[in-house]
Amino acid sequence: MATVDPIDVHWTDSEPAVLSGREYRRARRTPLTWVRGGGLATLLFLLPMLFVFGAFSWYPIVRTVIMSVQHTNLVSPATWVGLDNFRAVLNDPVLPKAVENTAEFAGLALIFGYPVPLVAAVLMSEARRFRGVYSALAYLPVVIPPVVAVLLWKTFYDASPTGVFNTILGWVHLGPYPWLQSQQTALPSLVLESTWANAGGTVIIYLAALTGVNRELYEAASVDGASLWRKVWHITIPQLRGVLLLTMILQIIGTAQVFLEPYLFTSGGPANATVTVLLMIYNYAFGNSLGGDYGSATALSLMLAAFLALFSLLYLRLTRSWSSK
Amino acid sequence: MKSTRMTALLAVIVTSLLAVFASSVSSAATTKTTTISVVSLIPGSTPEAIAQFNNQVAAFEKANPSIKVKPIEYQWTGPTFAAKLAAGTLPTVFEVPFTDARSLGDNGQLADLTAEIKQLPYYSKYNKAVLAEGTTAKGKIIALPKGAYAMALHYNRKLFTAAGLDPNKPPTTWAQVQSYARLITQKTGKAGYAQMGKDDNSAGWVFTTLVYSLGGRMETGRGTTAKATLNNAKAVTALSMLKKMRWTDNTMGSNFDMGWSDINQAFAAGNVGMYINGSDVYTNLVSASNIDPSIYGLAPIPLAKNKTAGVLGGGTLVAVRPDANAAARAAAVKWIDFYYERPLVDKAQAIRNAKTLVAGKQPVGVPALPLFNKAQYDLANTWIKPYINVPLAQMKPFNTGIFNQQVIAEPAASTQSVYKTLDGPVQAVLTDKNANVQQLLDQANSTAQAQISAGK
């Protein structure tokens with residue numbers, strides 16, 4: 001007895017379909033229908049992105065993982081060394097200092113650098129006139145190329161009594177201070193410049209978020225006689241909590257990967273006072289003119305990436321309830 | 001008849017075309033050019049210096065019509081060199097310090113130039129010790145010397161005069177360096193003595209010079225079995241002296257993280273009384289820092305009165321990319337011969353080179369160490385005597401003193417790693433009043449030993 005394909009039956013039958021819609025769609029999907037349905041066009045549009053991501057994001061990540069278990073200088077043939085690179089990095093006497101400095105940089109940036117954009121954004125949003133000018137001024141440092149900004153600040157930080165900051169402080173009988181030339185003040189000096197250089201971008205994010213806060217809440221608070229501080233504490237911050245949490249994790253991740261400032265200002269000195277984890281990675285890779293230790297560099301990169309991924313997961317889990325209120 | 005004419009016409013056309021084709025092929029074969037890229041000057045060089053270099057290139061291309069030379073600005077620094085080496089973006093011909101060439105050659109990272117170099121007429125005249133710096137363990141010649149230098153004390157004659165010192169009598173002991181530095185700082189407010197303190201191996205390099213001058217050494221032996229001796233007694237004395245000059249005398253200015261270029265600029269700007277650098281640095285002071293020649297003075301490094309005290313000597317070699325083909329290698333050696341070596345051994349070339357340098361307002365007669373022998377060095381200087389434009393009288397203390405000094409090679413094992421390790425202690429004493437000299441050197445020694453043992 002010949003069997004009859006139920007689909008055909010239902011195609012030809014005028015009775016309601018017996019198959020569910022999902023089963024029906026699965027059964028009908030053929031390469032031809034996929035092409036006719038625009039699948040090929042979708043793939044063609046997707047290909048450039050897949051290529052770019054593959055070539056510049058995923059391939060380097062895979063290579064990083066491979067190189068972390070190899071001894072290679074990219075010139076001589078690579079040899080497999082297992083976890084030796086990870087052991088070498090963990091036994092490096094500079095690592096604890098680099099971790100300490102990175103944590104200190106992130107901490108100082110969080111304490112001083114994190115509230116500054118928020119305060120600036122709140123004050124700017126309260127301004128009745130020239131708000132655009134204030135925004136432009138706040139964003140200006142972000143527009144200045146980082147190398148130029150660092151060179152500029154290097155002259156500000158000139159440790160001689162004729163340095164810009166020392167001259168200004170001299171007017172009020174302070175200093176001269178050594179700034180970058182002292183193991184105690186070098187790292188905070190980097191945080192100060194970094195805050196100046198990066199605050200503008202966050203200010204713009206906060207200003208955009210502040211426009212979403214219902215003005216009626218402020219008006220109601222004003223009617224109740226609330227001060228500016230109480231309005232900020234009870235309305236602005238709760239209303240911005242989602243954005244605040246996001247910028248905080250972005251800042252922590254960014255500062256954990258701080259490289260530009262210590263590299264351009266101090267090269268990690270004086271006496272490793274500003275060496276950071278990323279600068280260590282750079283030094284492994286490019287610090288030796290006879291060829292880089294790319295195995296150790298990639299091993300430390302992976303350890304940092306793993307730490308940041310775990311930290312981000314933990315952070316998101318801990319703040320989930322607060323951010324979704 | 002008509003067809004015969006047509007055939008004849010066709011034959012003429014085809015023959016003509018063939019002749020044109022053959023001649024073009026033959027002409028292409030005879031004029032096939034080899035293009036090589038070569039390092040030129042450091043970035044930021046003056047227009048006169050660049051023009052002078054371009055004139056040299058034009059003269060070379062005229063003499064070698066089949067070679068095209070593409071100049072590329074270049075300054076050797078450890079990090080950029082390592083990156084370019086790994087990325088394969090170095091020029092065909094580039095320069096490396098004495099400290100690196102042999103290891104790079106042993107690792108197969110430089111082209112083997114043995115065959116080409118042995119053809120050079122002056123090959124057998126090289127100072128064997130200098131040539132050995134560019135020869136691998138297996139005897140392959142992978143680089144030729146560009147120049148050799150001894151470390152020297154550069155001083156500002158104007159600041160000496162302002163401090164009441166005789167600019168013709170530079171210090172001959174480290175005690176005098178300290179007292180002169182105090183006088184300069186007191187009278188002028190400038191740094192009496194400055195030293196490279198940057199975390200790019202330069203701090204360790206100059207500190208090693210200081211230790212050599214007192215009679216100390218940073219290691220014994222060669223290769224991975226070498227023993228680090230960074231915490232030797234002379235190193236402790238040298239670091240303690242720096243600490244005193246920085247914190248007690250306060251004669252080292254306010255900038256302690258200067259690298260090679262920074263300190264040259266500070267000196268050329270008249271802000272430094274004395275500093276240590278290679279004896280040939282006057283060229284850079286002119287071409288990149290516009291120094292006023294009248295302020296310049298050059299003296300040998302003061303040496304302690306003991307048998308092991310000596311002056312650190314080093315130099316630069318010229319090498320070729322390992323992937324250069326035979327034609328490129330041959331062209332590269334021709335360029336090395338023309339630009340770097342001939343002016344030292346060939347009178348006509350030496351004079352032509354000196355004339356070009358003078359026309360480009362570049363220094364001629366900068367003090368260096370002989371690449372061949374002292375007699376050849378003196379002879380070459382007599383050829384170019386009419387063109388010497390450096391203030392020779394102001395360099396007399398060095399030129400008369402250096403050949404009485406013992407020149408000591410840089411640490412042989414893991415040189416750059418040793419320097420890098422020493423950067424830390426130097427920076428520490430210059431930026432921390434309470435730095436513990438012995439502890440810093442002990443820590444540096446164990447770090448350096450680990451690097452040496454690992455062959456890094």
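1. Of the 456 residues in chain B, 50% are buried; please keep in mind that this is a predicted model. The C-alpha trace of chain B extends over about 110 × 50 × 40 Å along its principal axes, and the chain holds 18 helices and 11 strands.

2. Where the two chains meet, chain B contributes 31 residues and chain A contributes 25 residues. On the side of chain B that touches chain A, two or more residues come from each of helix 3 (78-87), helix 4 (98-106) and helix 17 (415-431) of chain B, and helix 17 of chain B gives the most, with eight residues. By class, this side of chain B has 10 nonpolar, 13 polar and eight charged residues.

3. As for the domains, the assignment for chain B places 34-148 + 314-387 in domain 1 and 149-313 + 396-453 in domain 2. The centres of these two domains of chain B, taken over C-alpha atoms, are 27 Å apart.

4. The contact between the domains takes 21 residues from domain 1 of chain B and 22 residues from domain 2 of chain B. On the domain 1 side, helix 4, strand 4 (143-156) and strand 10 (311-320) of chain B each give at least two residues, and the residues of that side comprise 10 nonpolar, 10 polar and one charged.

Note on methods
Residues numbered from 1 in each chain as written. Chains lettered and ligands numbered in written order. Predicted model: local features only at pLDDT ≥ 70, side-chain atom pairs only at ≥ 80, totals over all residues. Helix = DSSP H or I, 4+ residues; strand = E, 2+ residues; numbered from the N terminus. Buried ≥ 20, exposed ≤ 12 C-beta atoms within 10 Å, placed from the backbone. Contact = placed C-beta atoms within 7 Å. Nonpolar A, V, L, I, M, F, W, Y, C, P; charged D, E, K, R; others polar. Domains from an automatic or database assignment.
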